[in-house]
Amino acid sequence: MKLRRVGFIGWRGMVGAVLLQRMLAEDDFSIIEQPLFFTTSQVGQPAPRLGCRQPPALLDANDLNALGEMEAIVTCQGGDYTAAVHARLRSRGWNGYWIDAASKLRLASDAVIILDPVNRSLIEQGLADGKKDFIGGNCTVSLMMMALAGLFNADLIDWLSVTTYQAISGGGARQMRELLAQMGHVHQAVSEMLAEPTYSILDLDKSATAALRSAQLPNAEIGFPLAGSLLPWVDREVAHAHGLSREEWKGAVEANKILGREAAPIPIESLCVRIDALRCHSQAFTIKLKQDLPTDEICAILAQGNDWVSVVANDRQQSLSRLTPAAVSGSLNIVVGRLRKLNSLTKFSAEGGYISAFTVGDQLLWGAAEPLRRMLRILHQHDCN
Ligand code: NAP
């Protein structure tokens with residue numbers, strides 16, 4: 001039996017566009033009798049074509065009557081939309097499934113954070129308990145969980161510290177466009193000098209830096225120069241948290257909820273940084289394991305974590321060719337490398353078990369769209385049983 005009516009909101013944005021692409025590639029619309037598309041800005045315009053199917057024109061994403069007719073709603077519109085609509089819809093008695101990419105509901109006690117290769121049993125338990133809100137995790141958290149699933153599953157992690165290197169598409173379509181415009185602005189400022197190979201490199205540097213700092217640099221969306229630079233703060237500040245950004249706070253809280261370990265959380269510390277990559281979040285870990293295992297054994301445990309993770313040998317050639325956003329972007333692969341023991345730390349604690357690791361994953365896939373489309377498949381299976 002197909003899912004009867006599923007409404008899609010936010011399908012035009014960064015996450016929504018990738019979701020649509022993946023659903024078409026996996027023929028997911030074949031399990032939906034009537035897919036309907038909503039918008040906050042383009043009511044009445046044509047909906048996206050789904051192969052040979054043309055859904056009806058775009059509906060108003062704020063029309064609670066129309067939303068109330070959906071068996072499931074999939075939204076990638078953002079937290080403000082969720083805040084404006086979800087509670088009002090529920091208070092009118094709507095009992096459908098709400099599948100959401102935004103963080104707004106993630107930590108609600110009756111919501112499940114969905115990342116089925118890691119926590120399928122919690123999702124199944126949630127369905128059995130009659131839960132209706134299934135929320136995608138924070139992108140860096142989901143990618144960390146996918147990368148380190150083998151170690152988490154075996155309960156081998158004592159604590160971990162992570163520094164992130166996050167792509168601009170994590171900030172949405174408008175920020176992605178603006179970063180490209182910033183890159184163009186800087187290039188334009190030095191293009192004539194670049195054409196002359198003997199031009200003084202210090203003058204070239206001076207002109208590029210001046211372009212980056214100029215009032216003409218497009219920065220209405222990002223707020224600061226990012227091209228050729230980085231921003232050591234992602235998302236807003238958490239009040240009374242000693243200088244923690246919200247992105248960093250989510251690292252520990254969401255990871256432990258995904259694992260169902262709220263009562264006995266694994267200590268996770270994060271420092272989150274935006275870099276001028278377009279797509280893919282990278283993360284560098286220092287991990288304290290509960291046991292001092294041989295490196296080969298750690299690699300084998302990581303490689304068995306799920307079907308998408310692969311371990312890259314810790315050598316220069318493999319790291320530079322396979323462990324980068326340029327290599328991973330657009331694929332479901334989660335690569336983990338730079339694995340080595342941090343033997344110098346053992347002098348602080350004789351027990352050993354300190355390792356470093358680096359991972360890259362496409363945050364628009366496993367960090368956003370993929371868990372949402374897979375949740376629709378899980379609902380379909382659940383309804384068939
Ligand atoms: P986004 O690209 O900014 O899109 C959100 C909405 O903005 C679109 O659905 C669209 O709504 C509107 N919009 C306005 N101008 C647009 C333009 N030029 N191009 C496309 N859309 C435009 O946001 P997002 O990155 O997809 O994020 C959506 C939610 O997912 C957020 O809550 C975010 O925190 C979460 N999330 C994002 C990522 C990520 O990597 N980006 C990862 C995990 C979770 P209308 O069509 O209704 O106008």
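Biologist: Why is helix H1 called oblique to helix H13 in this predicted model?

Modeller: The axes of H1 (residues 14-25) and H13 (residues 365-384) cross at roughly 50 degrees and come within 9 Å. Angles under 35 degrees count as roughly parallel, over 145 as roughly antiparallel, 65 to 115 as roughly perpendicular and the rest as oblique, so H1 is oblique to H13.

Biologist: What makes the contact between them?

Modeller: Contact means heavy atoms within 4.5 Å. On H1, Val 15, Val 18, Leu 19, Arg 22 and Met 23 take part, and the H13 residues include Leu 365, Ala 368 and Leu 376. The residues of this contact divide into nine nonpolar, no polar and three charged.

Biologist: And what makes H5 oblique to H9?

Modeller: H5 (residues 139-147) and H9 (residues 246-258) pack at an angle of about 50 degrees, with axes 9 Å apart. That angle makes H5 oblique to H9. Their crossing is right-handed.

Biologist: What should I know about the numbers?

Modeller: Residues are numbered from 1 along each chain as its sequence is written, and side-chain values use heavy atoms, leaving out hydrogens and water. Since the model is predicted, local features need pLDDT of at least 70 and side-chain atom pairs count only at pLDDT 80 or more, while totals for chains, interfaces and linings use all residues.

Terms used: Axes fitted to C-alpha atoms, helices over the stretch in contact; angles between N-to-C directions. Helix = DSSP H or I, 4+ residues; strand = E, 2+ residues; numbered from the N terminus. Nonpolar A, V, L, I, M, F, W, Y, C, P; charged D, E, K, R; others polar. Left-handed = near helix turned anticlockwise from the far one by under 90°.
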